[in-house]
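Please read the following walk through the fold with the model open beside the text.

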Amino acid sequence: MAEPKCPSCTVEGIEHFKSKESLERAKNGTPWFILVYCDQCGHVHQTLTKHVFTTSTSSPFIMPNLK
């Protein structure tokens with residue numbers, strides 16, 4: 001079975017892929033993102049979004065009924 005390999009230091013194996021929550025936090029305490037990195041050289045493989053800003057899909061105002 002193929003093992004993932006770090007493109008920076010070429011170490012092989014899923015055990016070398018680590019993750020860490022960002023220090024930046026939302027108001028409710030959840031991290032903004034998670035970093036996936038190599039534990040041997042520190043190369044960042046992926047940044048996963050954890051906290052997403054959303055907007056309301058409803059209109060903020062009501063259109064008058066024009067007749």
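**The sheet and its surroundings**

Three strands make up an open sheet, ordered 1-2-3, with antiparallel pairing. Strands 1 (17–21) and 3 (44–49) are the edge strands, each with a single partner strand, so one side of each is left without a neighbour in the sheet. On average, neighbouring strands of this sheet are turned by 20° against each other, direction ignored. Such angles are taken between axes, which are lines fitted to C-alpha atoms, and run from 0 to 180 degrees between N-to-C directions. Strands here are DSSP runs of E with at least two residues, and helices are runs of H or I with at least four residues, both numbered from the N terminus. Two strands count as paired if DSSP finds at least two bridges between them.

The model is predicted: local features need pLDDT of at least 70 and side-chain atom pairs count only at pLDDT 80 or more, while totals for chains, interfaces and linings use all residues. Residues are numbered from 1 along each chain as its sequence is written, and side-chain values use heavy atoms, with hydrogens and water left out.

Strand 2 covers residues 33–38 and pairs with strand 3 in the antiparallel sense over five bridges. Within this part of the sheet, Ile34 lies opposite Leu48 of strand 3.

For the protein chain as a whole, the secondary structure consists of zero helices and three strands, and the pattern along the sequence is β-β-β. Of its 67 residues, 15% count as buried, where buried means under 20% relative accessible area, exposed over 50%, and partly exposed in between (1.4 Å probe, protein chains only). The accessible surface of the protein chain is about 5800 Å², and carbon and sulfur atoms account for 57% of that area. These areas come from the Shrake-Rupley method with a 1.4 Å probe; for residues, only the protein chains shown count as cover. Among contacts (heavy atoms within 4.5 Å) in the protein chain between residues at least 6 apart in sequence, 20% join residues at least 24 apart.

The segment before strand 1 holds Ser8 and also Thr10. Ser8 counts as partly exposed because its relative accessibility is 49%. Apart from neighbours within four places in sequence, Ser8 is in contact with Cys41 and His43. The C-alpha atom of Ser8 is separated by 9.8 Å from that of His45, 37 residues apart along the chain. Thr10 has a positive phi of about 65°, although Thr10 is not a glycine.
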